[in-house]
Amino acid sequence: KSRDISLINKTHYLATHAQKEWEDAITHLYKLLVDGVNHKYIVKLSEEVGIAIDSKESSLKILSKYLVYKGYEQQLMNPFFKLTKLRSNISAHVQSKGKSLVEEALSDHSGSLAIHFSNLIQSFNQAIEELDKILK
């Protein structure tokens, strides 16, 4: 659950191909879908089935371990980890292997930041639908 309900209204498809708009959208999406993961609930589920949890592990790592334990593909978490990497790179303004953040994002052959973001949203739609079924 996200603590900031206004994030829902701030998170939307891109209107332009501007890097700043894309970076802001990635940041909002991260806050909504990664920071918004209910850590206590994920820990509770994991502990109920006997998964050892390190207190320093992120909610995503714990959820990933839980999914593997339950027999699901770890790749279900890929959109979350990809978003985390993008958000970290935006925050740190880093380059990956000499590529700018934009070049790295566009390496998925999307052609534009707007299409890249749209594709990312689609991958989340699929992952969240699956997670919803698993975690009920």
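## Buried residues and an aromatic pair

Phe 124 has a relative accessible area of 2% and is therefore buried, a term for values under 20%, with exposed meaning over 50% and partly exposed in between (1.4 Å probe, protein chains only). The model is predicted, so local features need pLDDT of at least 70 and side-chain atom pairs count only at pLDDT 80 or more, while totals for chains, interfaces and linings use all residues. Residues are numbered from 1 along each chain as its sequence is written, and side-chain values use heavy atoms, leaving out hydrogens and water.

Rings of Phe, Tyr and Trp (its six-membered ring) pair if their centres lie within 6.5 Å; planes under 30 degrees apart are stacked, over 60 edge-to-face and the rest tilted. By this rule there is one aromatic pair. Phe 80 and Phe 124 form this edge-to-face pair, with 4.9 Å centre to centre and 85 degrees between the planes. Phe 80 lies in helix 5 (residues 78–92) and Phe 124 in helix 7, so the pair ties together parts 44 residues apart in sequence. Helices are DSSP runs (H or I, at least four residues), and strands (E, at least two) likewise, numbered from the N terminus.

| Residue | Relative accessibility |
|---|---|
| Phe 80 | 4% |
| Ser 112 | 10% |
| Phe 124 | 2% |

Ser 112 is placed in the loop between helix 6 (101–106) and helix 7 (113–135). The side chain of Ser 112 reaches the backbone nitrogen of Ile 115 at 3.0 Å.

In helix 4 (residues 59–69), the buried residues include Leu 60, Ile 62 and Tyr 66. Just after helix 4, Gly 71 takes a positive phi of about 90 degrees.

Methods
A polar contact is a pair of N or O atoms within 3.5 Å; within protein, one must be able to donate a hydrogen and the other to accept it, and residues adjacent in sequence count only if both atoms are side-chain atoms.
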